[in-house]
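Reader: I have a model open and want to go through it piece by piece. Can we start with the loops and work inward?
Author: Fine, here it is.

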Amino acid sequence: MAQAELVALAEGPLCDAVYQRLLMPAFPPDELLTLAAIRDGLRTGLLEGLVALDAAGRPLGVTVGEWSPSARVMLLSYLAVAAETRGTGIGSLLYTTQLDRWREPLRPCLVLAEVERPDAHTGDAHRGDPQARLRFYARHGARALDVPYFQPAFGPGRERVYGMLLLALHVDPELAGSGVDTVAAEPVRQFLTQYLGAAEGRIGDDPATEALRRAVGDPAAVRLLPVDRYGDIARSRP
């Protein structure tokens with residue numbers, strides 16, 4: 001494993017360097033919050049994360065999470081590792097350390113992540129391979145929610161990102177659904193309502209939103225699937 005020091009992501013020069021060196025190359029513009037939004041989230045405490053630094057203080061990898069206090073759901077918005085550092089263990093170190101830190105003292109009922117479906121998105125040298133990304137999350141025990149997920153548009157002039165998966169990285173045992181491999185639907189509904197409403201200013205009545213609403217409409221549970229069965233999950237479309 002590459003040697004790295006983990007430090008808290010904070011507003012200021014480190015945040016700016018992380019945004020330019022790690023986040024901008026790794027995520028398409030419509031998947032990426034603006035630098036101003038990340039700065040603001042870090043300042044208010046709704047965003048938090050970790051940065052892996054090399055001996056010279058250069059950022060090698062980063063996690064960024066968005067906390068929804070009322071739903072008690074943490075969204076792992078971004079996990080990015082510099083292209084030349086992939087495969088060295090930095091991503092796993094960041095991931096496992098970050099999840100442990102979120103479990104205490106926040107005690108989230110769910111930790112979720114939004115990732116691209118390999119049958120809807122292609123990667124490149126900078127953004128990585130969607131298949132490899134799913135294998136990474138599978139190794140760490142993630143499961144996919146059976147919902148036709150899309151990432152909301154992050155403000156005026158931005159576009160939704162369709163063909164996404166919503167992964168469960170951590171599920172509080174109290175949130176087990178009514179059947180095997182399910183999660184209680186209410187916190188998922190509450191999180192999605194807040195997330196879509198905050199990002200887009202309203203909850204739409206378009207077909208994609210209605211399909212997502214129906215998928216979490218069961219009062220009891222949402223099904224969880226192994227990530228390698230993502231093809232069994234309906235794909236969101238405009």
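This is a predicted model: local features need pLDDT of at least 70, side-chain atom pairs count only at pLDDT 80 or more; totals for chains, interfaces and linings use all residues.

Reader: Where is the place of Arg107?
Author: Arg107 sits in the loop between H3 and S5.

Reader: What about phi of Arg107?
Author: Phi of Arg107 is positive, about 50°, although the residue is not a glycine. Most residues other than glycine have a negative phi.

Reader: Now Arg72. What is phi there?
Author: Arg72 is not a glycine either, and its phi is near 55°, a positive value. Arg72 lies in the loop between S3 and S4. With a relative accessible area of 35%, Arg72 is partly exposed.

Reader: What do S3 and S4 form around that turn?
Author: S3 and S4 form a hairpin, with four residues between the two strands.

Reader: How many bridges join S3 to S4, and are the strands parallel or antiparallel?
Author: Eight bridges join them, and the strands run antiparallel.

Reader: How many residues of S4 are buried?
Author: Nine of the nine residues of S4 are buried, so the strand is mostly covered.

Reader: Which residues of S5 point which way?
Author: Leu110, Leu112, Glu114 and Glu116 point one way, while Val111, Ala113 and Val115 point the other way. Residues on both sides of S5 are buried, including Glu114 and Glu116. In a regular strand the side chains alternate between the two faces of the sheet.

Reader: Over to H3. How far apart are the end C-alpha atoms of H3, and what should the helix span?
Author: H3 covers residues 90-103, which makes 14 residues. At 1.5 Å a residue the helix should span 20 Å, and the end C-alpha atoms are 20 Å apart, so the two values agree.

Reader: Which residues of H3 are buried?
Author: Ile90, Gly91, Leu94, Tyr95, Thr97, Gln98, Leu99 and Trp102 are buried in H3.

Reader: Changing topic: pockets. What volume does the largest pocket have?
Author: The largest pocket has a volume of about 750 Å³. Its lining has 38 residues, and Leu79, Arg86, Arg127, Gly128 and Arg133 lie nearest the centre.

Reader: Which elements give two or more residues to the lining of the largest pocket?
Author: S4 (73-81), H3, S5 (110-116) and helix H4 (130-139) do. S4 provides the largest share, six residues.

Reader: How do the residues of that lining, in the largest pocket, divide?
Author: The lining of the largest pocket divides into 16 nonpolar, twelve polar and ten charged residues.

Reader: And how much space lies in the second largest pocket?
Author: About 520 Å³ lies in the second largest pocket. Its lining has 22 residues, and the closest to the centre are Leu33, Glu66, Tyr195, Ala198 and Ala199.

Reader: Which elements each supply at least two residues of the lining of the second largest pocket?
Author: Helix H2 (35-44), S3 (59-68), S4 and helix H5 (185-200). The largest share, five residues, comes from H5. In the second largest pocket the lining residues are twelve nonpolar, six polar and four charged.

Reader: Cysteines next. Are Cys15 and Cys109 buried or exposed?
Author: Cys15 counts as buried at 3% relative accessibility. Cys109 is buried too, with a relative accessible area of 4%.

Reader: What does the count of disulfides come to?
Author: The count comes to zero disulfides.

Reader: Last one, Leu167. Where is its place?
Author: Leu167 is in strand S7, residues 164-171. At 0% relative accessibility, Leu167 counts as buried. The C-alpha atoms of Leu167 and Ala142 are separated by 6.3 Å, with the two residues 25 residues apart along the chain.

Technical notes
Residues are numbered from 1 along each chain as its sequence is written. Side-chain values use heavy atoms; hydrogens and water are left out. The expected span of a helix is 1.5 Å times one less than its number of residues. Buried means under 20% relative accessible area, exposed over 50%, partly exposed in between (1.4 Å probe, protein chains only). A disulfide is a pair of cysteine sulfur atoms within 2.5 Å. On a 1 Å grid over the protein atoms alone, a cavity is a set of points where a 1.4 Å probe fits but cannot get out, and a pocket is an open set with protein on both sides within 12 Å along at least five of seven lines; lining residues have an atom within 4 Å of a point. Grid points are joined across faces, edges and corners, and a volume is the space filled by probe spheres set on the points. Ala, Val, Leu, Ile, Met, Phe, Trp, Tyr, Cys and Pro count as nonpolar, Asp, Glu, Lys and Arg as charged, and the others, Gly among them, as polar. Two strands pair if DSSP finds at least two bridges between them.
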